[in-house]
Amino acid sequence: MTLDRSLVGATSEPQTFEVEKGAILKLAAAIGDPHPDYREGAAAPPTFPTSFRMTVPGLSEVDPARFLHAGQEYAYERPLRAGDRITCVARIADVYEKEGRLGTMTFVVAEIEGRDDDGAHVFTGRSTMIVR
Amino acid sequence: MKPGEELAPKRKEPVTKVQLVRYAGASGDYNLIHTDDETARAVGLDGVIAHGMLSMGFLGEYVAAIAGPKRVRRLTVRFAAMVRPGERLTCRGLVREVSENRATLEVWAENEQGEKVTTGEAEVEL
C-alpha cells in the first residue's frame, strides 16, 4: 500500500488496554522518573499511552525503520491511573508532502483517542511521522 | 508562576544503551534502530539513536515534577535532533501564559552543546 492522501480517515478496530501498575512503574523507571504517584499507580507518566500499541491502518505494512518520529502530543481530559481499562481507536488524520533539504518527504499524522469503560473521553494522542 | 519566569532546569543522567533496551520493553517500541547498531547502520546512522519518546518522557517528568502528574493536561513536542547513547540532556522551560487555573509552559530538552533536541509546550492545571 502506498502512503498517500487516500489513507486519510482510515480507522482502526477498537483495542482495549489495561493500565497496570507494573507497566506504569516500568515506563517511569526506564525514563528515570521517580515521582511517588507512580508507585501507588495513582497516576501514569504523561507519555504512558505510547505503550498502547495500535495497529494503524495502512502503516503496519511499512518497515518501522523507515519512520522518523517528528512530533507527538498527548492531551488529557483526566489523568490515567492503574486499573483503568482504556479502549482506543486510531485514525489517519492527515497525509501530506513537504519539500525538505533531502527532497520531498511524506508526513503522516495519526490520532489515537482513548475512552474509559464509561465511554468518557480520557485522552487524545497525535503522532507526526516522516516516512523515508 | 508569572509569564516569562524561567523554570529550574533538570539535568538528566546520560542516556545509556541499557536504558534504550528498557525503554523499548516498557513502551513496546521495538524498532531496532534504537537497540541494534547493525540495523541503525543499515539505515545510514552511525549507531543506535534514542527513542524520541524517551526525551519526551524526560519532559513529561519535568512538567509532572512541577505541576504533579495528575495536573498535566497536555504535552506537545517536536523532535528536532537525534540523541545518542552517552549524551546528557537537560530539561529547561519558561512560563508562557497563566490564567486563573491553567499555565502554559514552553519546555525543551537540550544536549551539552546547548542544542535543543526536543522542543515543546505543556499545559498544566494550577
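## Asp36 of chain B

In this predicted model, Asp36(B) counts as partly exposed, because 15 C-beta neighbours lie inside 10 Å, whereas a buried residue would need 20 or more and an exposed one 12 or fewer. Asp36(B) sits in the loop that links α1 to α2 (37-42) of chain B. Its C-alpha is 6.1 Å from that of Val48(B), although 12 residues separate Asp36(B) and Val48(B) in sequence.

## Chain A

Chain A contains 2 helices and 5 strands. Read from the N terminus, its elements follow the order β-α-α-β-β-β-β. Along the principal axes, the C-alpha atoms of chain A fill a box of roughly 50 × 30 × 25 Å.

Of the 132 residues in chain A, 31% are buried. When contacts in chain A between residues at least 6 apart in sequence are considered, 72% of them join residues at least 24 apart.

An open sheet of 10 strands runs through chains A and B, with antiparallel pairing. The strand order is β1(A)-β3(A)-β4(A)-β5(A)-β2(A)-β2(B)-β5(B)-β4(B)-β3(B)-β1(B). The edges are formed by β1 (15-18) of chain A and β1 (6-11) of chain B; each has a single partner strand, so one side of each lacks a neighbour in the sheet. From one strand to the next, the twist averages 25 degrees.

Within chain A, strand β3 (residues 85-100) and strand β4 (residues 103-115) run antiparallel and are joined by 13 bridges. Val95(A) has Val108(A) in β4(A) as its bridge partner. Helix α3 (residues 52-67) of chain B packs on the sheet, where it touches β2 (67-76) of chain A as well as β1, β2 (72-79), β3 (90-98), β4 (102-110) and β5 (116-125) of chain B. The direction of α3(B) makes about 35 degrees with that of β5(B).

## Contact between the chains

The sheet crosses from one chain to the other where β2(A) meets β2(B): these strands run antiparallel and are joined by 5 bridges.

The contact as a whole takes 26 residues from chain A and 33 residues from chain B. On the side of chain B that touches chain A, the elements giving two or more residues are α1 (17-27), α3 and β2 of chain B. The most come from α3(B), with 11 residues. By residue type, this side of chain B divides into 16 nonpolar, 9 polar and 8 charged residues.

Methods: Residues numbered from 1 in each chain as written. Chains lettered and ligands numbered in written order. Predicted model: local features only at pLDDT ≥ 70, side-chain atom pairs only at ≥ 80, totals over all residues. Pairing = 2+ DSSP bridges. Helix = DSSP H or I, 4+ residues; strand = E, 2+ residues; numbered from the N terminus. Axes fitted to C-alpha atoms, helices over the stretch in contact; angles between N-to-C directions. Contact = placed C-beta atoms within 7 Å. Nonpolar A, V, L, I, M, F, W, Y, C, P; charged D, E, K, R; others polar.
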